Amino acid sequence: MLRDIGRIATIILPVATAARTSRLWLDSPAVNWNDSFVIGNGRLGAVIPGAVDQDSIHVNEDSLWSGGPLHRVNPDAATNIPIIQDYIQDGDIQDAATLASYAYQGTPVSMQHYDLLGDLTLTMDSGGEFPENYQRWLNIADATTGVSYQSGNTTYTREFFASEPAGMVIAKLEADVEGSLSFHLHLDRGTGLNRWEDSSEPVGGDTIVMSGASGGKEPIGFSAGAKIASTDGDVSTLGDYVFCRNATSAMVFFQSWTTYRKLDPRAAVVEELAAADGTAYETMRKTHVDDYQGLFNRTSLDLGASTSAQRNMTTDARLTNLTSAFDPEIVATYFDFGRYLLIATSRLGALPPNLQGIWNSDFDPQWGSKYTININLEMNYWPSLITNLIDLTYPLQELIHRMHTNGTEVARQMFNASGAMAHHNTDIWADCAPQDNYFSSTFWPSGLGWLAIQLLDQYHFTGNKTYLRENYPVLRDAMRFYLDFMIEGPNGWRVTNPSISPEHAYYLPNSTVEEAITMGPTIDNSIVWELAGIVLDAAAELEEDDEEFVENVKELRSQLPPLRVSYFGGIQEWIEDYQEAEPGHRHFSQLFGLYPGSQITASNATTFIAAKTSLLRRLDNGGGDTGWSRAWSISLAARLLMPQQVHEDVAFLLSNLTYPTSFLDVLPPAPFQIDGNFGGTAGIAEALLQSHELVDGGWLDSQRGRGGDRKECLGSGRDLSPAYLGHAGPKTPLLRLLPALPIQWAMNGGGSVRGLRARGGFEVDIAWDDMGKLSEANVTSLEGGGAWVTAGDEALGTDGVVAGNYSQTISVEGVGMGKFVLLSPKGAGQSYRVLSR
């Protein structure tokens, strides 16, 4: 940026928002797994309860899954899918569902699942006295966690962090009385029956190493080790335990590898633990903090100042108290916690975070702790782009590319189609065959289509043409599958068949029978619409020489079923206007085009109002009852420009669907599910900045100029025409500042956000006053591209929503004043100061 960020912060951030909370703290140990604090370095994870006498720390390695790759395509699928399609076209829905349950499902029915690695147990010898002044904490500003308590006259502390630079989990244990620290450690996979633990043995007098393997014909072998190092204590092994006696301080190192990455994981563990320097704690800690803060400090959020009474509460008390009083700092901390979790679970060389991130304590985790791709994996990465963590998306990119390869075979073997596809789950091996045999989830063909859209949205944020070129084959082949697979349906429309609207069901006409299988559900139509637009833009940008393919994509897009209004005034979910079986269902699949898609905007009042009706109906009937569902509703409400609904959804998410003791997302019967945390963070950001809308026409620069009337400052959005993905001709992104800012996020002294990213290649800082109005913003064009900017929610064009929509008049230094102002930078790095007028 041309202007110094630190200087901007002192100018535009309200003084009252300077104090922030970054430290979660409680005054008692965790009772349950989901009360614990979690740390991770992308590959290794640890769940730390903070018990005083015996702390059983659950440890995980992200590549330890239940077995090797499977070939699960049903051998009878290809011959029976045309029959299923005919049944659906003829209205024989129950016959189609019955046949699909045998001929479509995978064989075997399930892919591999994520596995527990084991427990690292620290047993303390603290003298047996009752502990006092207990506290445990997680500092999300530096990614450290710890425990402190007093026993007798001695204060004991334990600090843990998962270091990406060091590649291991590291702890330091201390006593403030010399020679008072004694403890031992042990590694195991549970007591009682042997859980595929083949060896447990001491190494070198200071280390224990446990090894084993998962199941199946091609198991994943693993090894895990722990070492104690102390400069003043006695360290020794006895059996498969490591002891430290009469120390003042000691370090514990934990390492694990599997055969997914290492030919000999045991040798790798032993070698790396032997090299771990027990005298270098401060250096290793500083390297860890510097690495973490290089990512975490890119973005900051202030929603105002909490009261001194709120600040003095423990974290769990503050979350519980949200039902009676808004606590701005704890909400900002929740936003930061989602970014903390993404840094902890998605680093270069790691696998993407699964349903539980990288933390799992069960051999049979709920839903397999896999990758569910009908919302959950995608949601895990929703905050990555807008909150300036773009370089954490590599694990997702790598998985999608492997799915592209496997999905090509599934498309051919199941559907006799070209291109590539996936269903609603995948695993470590990028399995694309159907998962489970459940009537409302298994028969969905659009998993890879959705992921391809998310993959290429990164290009919209960065403008990196090399990235676009590298990923274009995934886009192209996801589109080719639809070109081959989609068939003619009602009214001459092209539709997916068979398919479902994820996990939801409808009543057959004049019946109480529930079914789910269908053709052309709205989510598929919106995915194909979005994907086609991205493909057309990408092909033009890359000057792809495939005119026939491009024309086929245009034709297919023109034949998609349009968005339609349902019997209750919402967006119709299925090809027929069926009565929905569960009005308060947790999925908002028919609203994909609103978020994360870009098909539904305020520029079309009909679909926009219908989308609002759909969202409110779901919520009024009990929807949003899981963390990820309520998190999705935050972004949907933000896109619908509903600030009060955003506030209510955030408050509900934190008060009812977040464990107050750990900040982790609630989703029984699983101990937790991570997607709600990520979705909550993304939704908060979406209320502050949006960039999915496009304006027809280019932007002015010194080389190309701008056509039309050359007006750069306009008094109304009606003077601009909306454009969409795939729109022929030039188009310019629209940056909306504060489109859905709740007044509660302003009334405690104003607020600010720094470092958000926007499509078109922009970095944006925004400050607002205690009335929720823009005070000042800084917009930097990182790639030299242009954009329209507005502050508020006024619609584009003449067909948009009018009632209640309002944009502030803004002044852009060096450009002019208006409600919509065009930024036309002369090159990369140019910044614009935006002021309220």
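In this predicted model, helix H2 spans residues 77-89 and helix H3 spans residues 93-103; the two pack at an angle of about 165°, with their axes 8 Å apart. Angles over 145 degrees count as roughly antiparallel, and H2 and H3 are therefore roughly antiparallel to each other. The crossing in which H2 passes H3 is left-handed. On the H2 side, the contact is made by Ala77, Asn80, Ile83, Ile84, Tyr87 and Ile88, and on the H3 side by Ile93, Asp95, Ala96, Leu99, Ala100 and Ala103. Sorted by class, the residues of this contact are 10 nonpolar, one polar and one charged.

Further along the chain lies a span named in a record. UniProt, in an unreviewed entry, lists residues 281-688 as "domain: Glycosyl hydrolase family 95 catalytic". In the model this span is 50% helix and 4% strand, and its end C-alpha atoms lie 40 Å apart.

Another helix pair is formed by H13 (residues 465-485) and H14 (residues 522-542), whose axes come within 9 Å and cross at roughly 135°. This angle makes H13 oblique to H14. H13 passes H14 in a left-handed crossing. From H13, the residues that meet H14 are Lys465, Leu468, Arg469, Tyr472, Leu475, Ala478, Met479 and Tyr482; their counterparts in H14 are Ile527, Val528, Leu531, Ala532, Ile534, Val535, Ala538, Ala539, Glu541 and Leu542. The contact of H13 with H14 has 15 nonpolar and three charged residues, and no polar ones.

Strands come next. An open sheet is built from three strands in the order S23-S22-S24, with antiparallel pairing. Strand S23 (514-515) and strand S24 (579-580) are the edge strands, each pairing on one side only. Between strand S22 (residues 506-507) and S24, the antiparallel pairing runs over two bridges. Here tyrosine 507 stands opposite glutamine 579, which belongs to S24.

The unreviewed entry gives "domain: Alpha fucosidase A-like C-terminal" for residues 735-791. This span is 0% helix and 54% strand in the model. The end C-alpha atoms of residues 735-791 lie 8 Å apart.

Terms used. Residues are numbered from 1 along each chain as its sequence is written. This is a predicted model: local features need pLDDT of at least 70, side-chain atom pairs count only at pLDDT 80 or more; totals for chains, interfaces and linings use all residues. Side-chain values use heavy atoms; hydrogens and water are left out. Axes are lines fitted to C-alpha atoms, for helices over the stretch in contact, and angles run from 0 to 180 degrees between N-to-C directions. Angles under 35 degrees count as roughly parallel, over 145 as roughly antiparallel, 65 to 115 as roughly perpendicular and the rest as oblique. A crossing is left-handed if the near helix is turned anticlockwise from the far one by less than a right angle, and right-handed if clockwise. Contact means heavy atoms within 4.5 Å. Ala, Val, Leu, Ile, Met, Phe, Trp, Tyr, Cys and Pro count as nonpolar, Asp, Glu, Lys and Arg as charged, and the others, Gly among them, as polar. UniProt positions are given in the numbering used here, feature names are shortened, and annotations may be inferred rather than shown by experiment. Two strands pair if DSSP finds at least two bridges between them.
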